[in-house]
Amino acid sequence: MVNYKLDKNLEKLIILKTYASLVKEPASEKNAEKIKALQDKRVHEIMCAAYEYPFYRKRFEETNTTPDDYRCADDLYKFPVLSKDDLRDWMDSELEQYPDKYKDWHVSPTSGSTGRPLRMLQSPREHAIWTANWLRTMGLGGFNPFTGKTMCRPNSLHARVDTSKSDSPLQRIGILRRKYMSDTIWERISTQVLVDEINAYEPDYLYAHKNVLVRIAKYVKENDLYIWQPKFFSPVSEMTDEPSAALMAEVFGPGMINAYGMAETGTCAVKLPGDDYFQILSDSHVVNTYNKDLTAPSDAGMAVITPLLKTDLPLINYESLDYMETYKQFGLTFASRLQGRMNDAIYHSNGTTTEWANISVVMNYTPEVVAYRLIQEELTHVHLLFVRNPDVPEEKQPEIADRVCSQLNEMFKDESMRLTVEWVDDIPADPNGKLRVIVSKIDRP
């Protein structure tokens, strides 16, 4: 029987052990065979682990399969897709039935795109694995996570973080140096203070919610300020569009590590500086794409994710609600395009919907707008919040608003829809720290 209390005390050692087991070089023809072999081995191992849970045993029986039928990533297409609602119900059931089992586990609430929070259970070992995977992700571009200096905005959705905490003895000798920005979900700090903190610490690697980095970049550019350029930076927790990516690159430099993942799955894909594709972290994850009905494989469709090292409480074929276009090279999966929030949509009086991916086609080609939000409180009215690119004169705002509204109306094909535009200096993040670009208060048809 696993001693979770002991594992909790040994999390740092588990991080080091897991980090050593991960492939720390970008996927290439040179290491593809090694990565594929690790993935195949871990696919079978996680299906063996899942077979021990009644929740998954039922799914094996429904598909008339056993763990022996799963030996590679493509085999997972045989297994049912796991919805957020199914996962939420299962997690709640586990917590209610076996409270003693999970007393030493991490229970991380996610924001829940539908407004219903999901309590995600992670064993201490799995929590350590998530950390090791993130360290590996940071290092894929050449950063050394053990000797380099990291600065980040704390993810204080789950617990308050002491941002004034002094360095540990290891950090004082230059190992695993990390400093938190003082801005948190609980207490928003002025942008000037954040600029001062970055300049004072001079991090080698900077990461924070995308909306926070965009806010800093916009402020720096508008006020013609100096800011330290880290070797690498990552906008996290939100999809990065072209206008905001260009602004961040101009201010923070060319070293953007664009990491994709979910709180439930950890980071599973990475776009490195200079690349025009995402590599799937195939030694630790399977990311398969499905057709629209989620009934068959497709090279373009919803990304369905399986974190292979999460074997204490497996997560098999988890729907991401994100769109991905993929291709195979060297036997591994790569993504040429990633588009988020397939479930975010504007609803119309004729019963149709316009999804975020369609709206992003307009907004991604509007470089004059570096951040935006669509708010639908009535079926026939959408209010748009726009943040102007500092390069654009203020007097251009009416022209830009008219052009975008015209393009959106052409897409909506809804004569009853009224669009209004408000220009703002900043769009406040949601309580979970993210910036959701579509906020529809209309009941989903």
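**Close-up 1. Helices α9 and α10 pack against each other with their axes 9 Å apart.** In this predicted model, helix α9 spans residues 210-222 and helix α10 spans residues 242-252, and the angle between them is about 60°. Because angles from 65 to 115 degrees would count as roughly perpendicular and those under 35 degrees as roughly parallel, this value makes α9 oblique to α10. The crossing of the two helices, α9 and α10, is left-handed. On the side of α9 the contact is made by K210, L213, V214, I216, A217, K218, V220 and K221, while α10 contributes S244, L247, M248, E250, V251 and F252.

**Close-up 2. Helices α2 and α6 cross at roughly 50°.** Two packed helices are described by the angle between their axes and the distance between the axes. Helix α2 is formed by residues 11-21, and its axis comes within 8 Å of the axis of α6; the two helices are therefore oblique to each other. In this view α2 passes α6 in a right-handed crossing. The residues of α2 that make the contact are E11, I14, I15, T18 and Y19, and those of α6 include P124, R125, H127 and A128, as well as L135 and R136.

**Close-up 3. The rings of Y102 and W105 form an edge-to-face pair.** The count of aromatic pairs in the model comes to 22. For Y102 and W105 the ring centres lie 4.7 Å apart and the planes stand at 90°, and because planes over 60 degrees apart count as edge-to-face, the pair is given that description. Y102 has a relative accessibility of 3% and so counts as buried, and W105, at 5%, also counts as buried.

**Close-up 4. W134 and Y207 form an aromatic pair between distant parts of the chain.** The two rings are 5.1 Å apart from centre to centre, with 70° between their planes, and the pair is edge-to-face. W134 belongs to helix α6, residues 124-139, whereas Y207 belongs to strand β5, residues 205-209, and the two partners are 73 residues apart. Both W134 and Y207 are buried.

**Close-up 5. Ring pairs link several aromatic residues into a cluster.** The members of this cluster are Y51, Y53, F55, Y56, F60, Y70, F79 and W90. Over the face of Y51 lies R57, at 3.9 Å from the ring centre. Elsewhere in the model, K149 lies over the face of Y201, at 4.7 Å from the ring centre.

**Close-up 6. P297 lies in the loop between strands β10 and β11.** β10 covers residues 285-289 and β11 covers residues 300-307. With a relative accessibility of 52%, P297 counts as exposed, since the cut-off for exposed is over 50%. When residues up to four places away in sequence are not counted, P297 touches Y77, T289, Y290 and N291. The C-alpha atom of P297 is separated by 44 Å from that of D391, which is 94 residues away along the chain.

**Close-up 7. E202 and L321 have positive phi values.** E202, a residue other than glycine, has a phi near 50°, and its place is in the loop between α8 (191-201) and β5. Its relative accessible area of 35% makes E202 partly exposed. L321, which is not a glycine either, has a phi of about 65°; this residue sits in strand β12, residues 318-329, and at 13% relative accessibility L321 counts as buried.

Conventions. Residues are numbered from 1 along each chain as its sequence is written. This is a predicted model: local features need pLDDT of at least 70, side-chain atom pairs count only at pLDDT 80 or more; totals for chains, interfaces and linings use all residues. Side-chain values use heavy atoms; hydrogens and water are left out. Rings of Phe, Tyr and Trp (its six-membered ring) pair if their centres lie within 6.5 Å; planes under 30 degrees apart count as stacked, over 60 as edge-to-face and the rest as tilted. Buried means under 20% relative accessible area, exposed over 50%, partly exposed in between (1.4 Å probe, protein chains only). Helices (H or I, at least four residues) and strands (E, at least two) are DSSP runs, numbered from the N terminus. A charge sits over a ring if NZ of Lys or CZ of Arg is within 6 Å of the ring centre and within 35 degrees of the ring normal. Axes are lines fitted to C-alpha atoms, for helices over the stretch in contact, and angles run from 0 to 180 degrees between N-to-C directions. Angles under 35 degrees count as roughly parallel, over 145 as roughly antiparallel, 65 to 115 as roughly perpendicular and the rest as oblique. A crossing is left-handed if the near helix is turned anticlockwise from the far one by less than a right angle, and right-handed if clockwise. Contact means heavy atoms within 4.5 Å.
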